[in-house]
Amino acid sequence: MGGTYGHSWFVDPALGLSVAAFTNTALEGMSGLFTEELCEAVYAGVRK
């Protein structure tokens with residue numbers, strides 16, 4: 001992933017989830033609002 005700076009990942013063994021996001025958003029992609037919104041979107045999709 002050349003040029004990618006900013007990543008986020010989490011594992012939820014209870015639901016069998018492994019999520020990884022590689023972005024070009026620097027700090028926002030690692031610890032900003034993007035990470036919270038990504039987590040919320042994944043779980044919203046799982047709940048449906």
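I started with E40. E40 is exposed, because its relative accessible area is 54% and exposed means over 50% (buried is under 20%, partly exposed in between; 1.4 Å probe, protein chains only). The areas come from the Shrake-Rupley method with a 1.4 Å probe, and for residues only the protein chains shown count as cover. E40 lies in helix 2. Helices (H or I, at least four residues) and strands (E, at least two) are DSSP runs, numbered from the N terminus.

A note on the source: this is a predicted model, so local features need pLDDT of at least 70 and side-chain atom pairs count only at pLDDT 80 or more, while totals for chains, interfaces and linings use all residues. Residues are numbered from 1 along each chain as its sequence is written, and side-chain values use heavy atoms, with hydrogens and water left out.

Next I asked which residues form the negative surface patch. They are E28, E36, E37 and E40. Helix 2 (residues 33-47) gives the largest share, three residues. Patch residues have over 30% relative accessible area and no salt bridge; like charges are joined within 9 Å, nonpolar side chains (Val, Leu, Ile, Met, Phe, Trp, Tyr) within 5 Å. A salt bridge is a side-chain nitrogen of Lys or Arg within 4 Å of a carboxyl oxygen of Asp or Glu. Asp and Glu count as negative, and the charge of Glu is placed at CD.

I then looked up the nonpolar patch. Y5, L27 and M30 form it, with about 310 Å² of accessible area together. Y5 sits in the segment before strand 1. Y5 is partly exposed, at 49% relative accessible area.

On to S8. Is S8 buried or exposed? S8 is buried, with a relative accessible area of 11%. S8 is found in strand 1. I noted the faces of strand 1 (residues 7-12): S8, F10 and D12 are on the covered one, H7, W9 and V11 on the uncovered one. In a regular strand the side chains alternate between the two faces of the sheet. I also checked S8 against L38: 30 residues apart along the chain, their C-alpha atoms are separated by 9.0 Å.

Strand 1 pairs with strand 2 (residues 17-22) in the antiparallel sense, over six bridges; pairing needs at least two DSSP bridges. The partner of S8 in strand 2 is A21. Four residues lie between the strands of this hairpin, and G16 takes a positive phi near 70°.

Last, the whole chain. The elements run β-β-α-α from the N terminus. Of the 48 residues, 29% count as buried.
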